[in-house]
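Here are some notes to keep beside you as you look through this structure for the first time. Take the points in any order you like, with the 3D view open.

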Amino acid sequence: MTDTIIRGAKVRTMEATSTSTSSHAAETFEPTAVAIADGKITAVGADSEVLELATDSTQIIDARGGTLIPGLIDSHIHPVWGLELTRGVDLGGLDFAGVRAALAAEAQRLTEGEWLRGWNLDYKVFENELRGDLFDDVLGGRPMVLLFYDLHTAVTNAAALSAAGVTGREEFADNSLVVTDDSGTPTGELREIPAYSLLLDAAPPLEHSDYVERVRALLSELSRSGITSGVVTDGRDWHLGILNAIESSGGLPVRLHLAMWHRPSDDDARVEELISMLGTSGDRYRIQLIKMFMDGVIDTGTAWLQEPDVCGQGGRAFWNSVERYHEVTRRYLDAGYQIATHSCGDAGVAEILRTYRELGTTSLQGAPNRIEHLEVISDDDVVVLGQTGVVASMQPLHMQWREGDHSDSWATRLGPERAKRAFRIKDVLDAGGRVALGSDWPVAQHDARLGMAWTRLRRTPGVPEAPVFEPDQRLSGEEALLGYTRWAAEALGRTDLGVITPGATADLALFAEDPVAADPDQLPLIPVDWTMVSGEIVYRR
């Protein structure tokens with residue numbers, strides 16, 4: 001029995017037109033209607049033929065000429081832990097004076113004893129070293145922790161370090177660091193997540209009920225831009241309690257594919273524990289991937305580069321033992337996990353590809369292994385990506401912190417020649433490789449329309465005079481949509497998502513205008529009329 005029929009639409013099925021996942025061939029857009037039963041698409045065709053499947057109880061939705069697309073998939077997002085990281089004042093876009101003013105106002109607002117938290121801080125706020133004591137005079141003695149926009153670095157003050165018992169003598173099982181001056185006193189800079197987690201773990205936590213409501217609200221926001229799936233790339237055991245609470249009180253408005261986080265400090269017992277969690281699921285979430293870090297970020301010298309950056313850094317992996325990364329990757333692959341490994345630097349990408357080629361480029365279920373970010377890639381490894389089918393999971397939105405004169409910390413670290421060979425999305429596709437696109441929220445905005453616009457423009461949408469970064473790497477409108485639909489689904493080993501075809505899951509979004517044909521500068525402004533997950537409308541404009 002047909003539950004729902006959508007009629008009067010321009011249907012972009014995003015079905016493959018050849019055997020290649022990177023086919024750029026255009027579709028023929030004849031369908032105008034879709035039938036749905038039990039959460040699945042049962043028919044795609046002209047209005048007249050699909051309407052013949054209607055019964056007295058069938059819901060008929062008139063698309064009124066809007067464009068029906070597969071539900072968008074954000075291939076890299078942090079919707080649970082990200083809410084812990086975005087507590088406090090948003091410091092995005094502020095210079096040093098602006099940050100000081102924002103912190104002073106926040107300190108006045110807080111009650112006695114509260115920590116001052118902030119996020120989205122830009123590296124260019126600091127002229128030289130990152131020091132927390134630069135803000136002490138406006139804090140009123142409060143402990144302070146501020147996270148940079150990339151979530152790989154924090155700056156804190158002596159009050160917070162004292163409260164957390166951090167001395168600067170801490171040792172880590174990875175490349176994390178509590179930075180100290182020549183006397184051994186912490187400067188306030190905390191490099192990489194394990195270092196700043198010492199502070200976050202000591203700060204007052206969010207209440208469970210607050211977490212549940214904030215995650216629910218965030219996922220509902222994702223739906224507003226047509227997102228129906230997200231790949232959660234930082235899964236923790238406690239996330240499941242949050243997701244189960246949402247499912248038991250109305251359901252998840254977005255389907256979540258969880259990558260559980262393995263840290264270099266995790267021992268064999270933890271590996272076995274994570275292996276036992278493979279396949280754990282709810283109605284709209286499932287654990288299927290393992291997430292690891294091969295390196296950090298270019299801005300602070302923690303990315304692993306084939307040649308040192310201009311500061312002489314970037315010469316090592318995040319792991320103290322790359323052999324251990326190789327060992328645990330083998331164990332997770334043997335257990336059936338799909339692997340997703342973070343790397344921004346070209347040496348990190350090369351090591352991951354070497355490991356995957358030796359141990360297996362796909363999971364036992366056939367889902368391709370992935371590399372997250374790939375901000376810098378060598379020519380040789382562009383070819384290897386095409387040969388192996390390893391997924392390049394990339395986030396064009398990360399380019400928004402770059403400056404046209406290359407004065408930003410990212411470009412300054414790399415130097416002008418390497419900075420020209422950045423975010424090589426088009427090169428990977430042209431080599432026959434696989435690409436999946438995402439936001440990395442809260443590093444960047446989660447609106448998929450904005451993400452597709454950056455993919456097509458490689459500059460700020462709506463600002464034609466803004467600098468364009470590597471214009472030869474721009475994608476077409478169809479390629480940008482494929483990166484958020486079919487290619488993103490194939491990156492999960494899913495053939496039932498990311499397409500509109502009989503048998504596929506009815507995860508759909510209706511755009512008021514065609515996101516492929518639209519002017520990319522106007523794309524972020526196109527209304528989404530509604531978003532549907534498994535045949536259920538979860539957002540309506």
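1. Start with a charge and a ring: the charged end of R236 sits over the ring of W81, at 4.4 Å from the ring centre. Please keep in mind here and below that this is a predicted model.

2. W261 and F293 form a tilted pair, with 5.7 Å from centre to centre and 55° between the planes. W261 belongs to strand β15 (residues 255-261) and F293 to strand β16 (residues 285-293), so the pair ties together parts that are 32 residues apart in sequence. Are these two residues buried or exposed? Both W261 and F293 are buried.

3. The structure holds 13 aromatic pairs. Another of them is formed by Y149 and W401: the ring centres are 4.2 Å apart and the planes meet at 10°, so this pair is stacked, the cut-off being under 30 degrees. Distant parts of the chain are linked here, 252 residues apart: Y149 is in the loop between β10 (144-148) and β11 (153-156), while W401 is in the loop between β19 (391-394) and α12 (409-414).

4. How do Y149 and W401 count for burial? Y149 has 7% relative accessibility and counts as buried. W401, at 18%, counts as buried too, because the limit is under 20%. Both residues are also members of a cluster linked by ring pairs, which contains F96, Y123, F126, F135, F148, Y149 and W401.

5. Next, have a look at helix α11 (residues 379-388). Which of its residues are buried? They are D381, V382, V384, L385 and T388. These residues cover an arc of only 160° around the axis, so they are on the same side of α11. The exposed residues D380 and Q387 are carried on the face turned away from that buried side.

6. What covers the buried residues of α11? The cover includes α10 (346-359) and α14 (425-430). Just after α11 comes G389, which takes a positive phi of about 80°.

7. Now step back to the chain as a whole, which has 17 helices and 23 strands. Its radius of gyration is 23 Å, close to the 24 Å that the globule rule gives for 541 residues, so the chain is as compact as a globular protein of that length. Taken along the principal axes, the C-alpha atoms fill a box of roughly 80 × 55 × 55 Å.

8. Some totals round out the picture. Of the 541 residues, 62% count as buried. Among contacts in the chain with a separation of 6 or more, 75% come from residues 24 or more positions apart. The chain exposes about 19,900 Å², and carbon and sulfur atoms supply 47% of that area.

9. One last stop is S265, in the loop between β15 and α8 (268-277). With 47% relative accessibility, S265 counts as partly exposed. How far apart are S265 and G118? They are 147 residues apart in sequence and 27 Å apart in space, taken from C-alpha to C-alpha.

Terms used. Residues are numbered from 1 along each chain as its sequence is written. This is a predicted model: local features need pLDDT of at least 70, side-chain atom pairs count only at pLDDT 80 or more; totals for chains, interfaces and linings use all residues. Side-chain values use heavy atoms; hydrogens and water are left out. Rings of Phe, Tyr and Trp (its six-membered ring) pair if their centres lie within 6.5 Å; planes under 30 degrees apart count as stacked, over 60 as edge-to-face and the rest as tilted. Helices (H or I, at least four residues) and strands (E, at least two) are DSSP runs, numbered from the N terminus. Buried means under 20% relative accessible area, exposed over 50%, partly exposed in between (1.4 Å probe, protein chains only). A charge sits over a ring if NZ of Lys or CZ of Arg is within 6 Å of the ring centre and within 35 degrees of the ring normal. The arc is that of the directions from the helix axis to the C-beta atoms. Contact means heavy atoms within 4.5 Å. The radius of gyration is taken over C-alpha atoms; the globule rule is 2.2 Å times the number of residues to the power 0.38. Accessible areas come from the Shrake-Rupley method with a 1.4 Å probe; for residues, only the protein chains shown count as cover.
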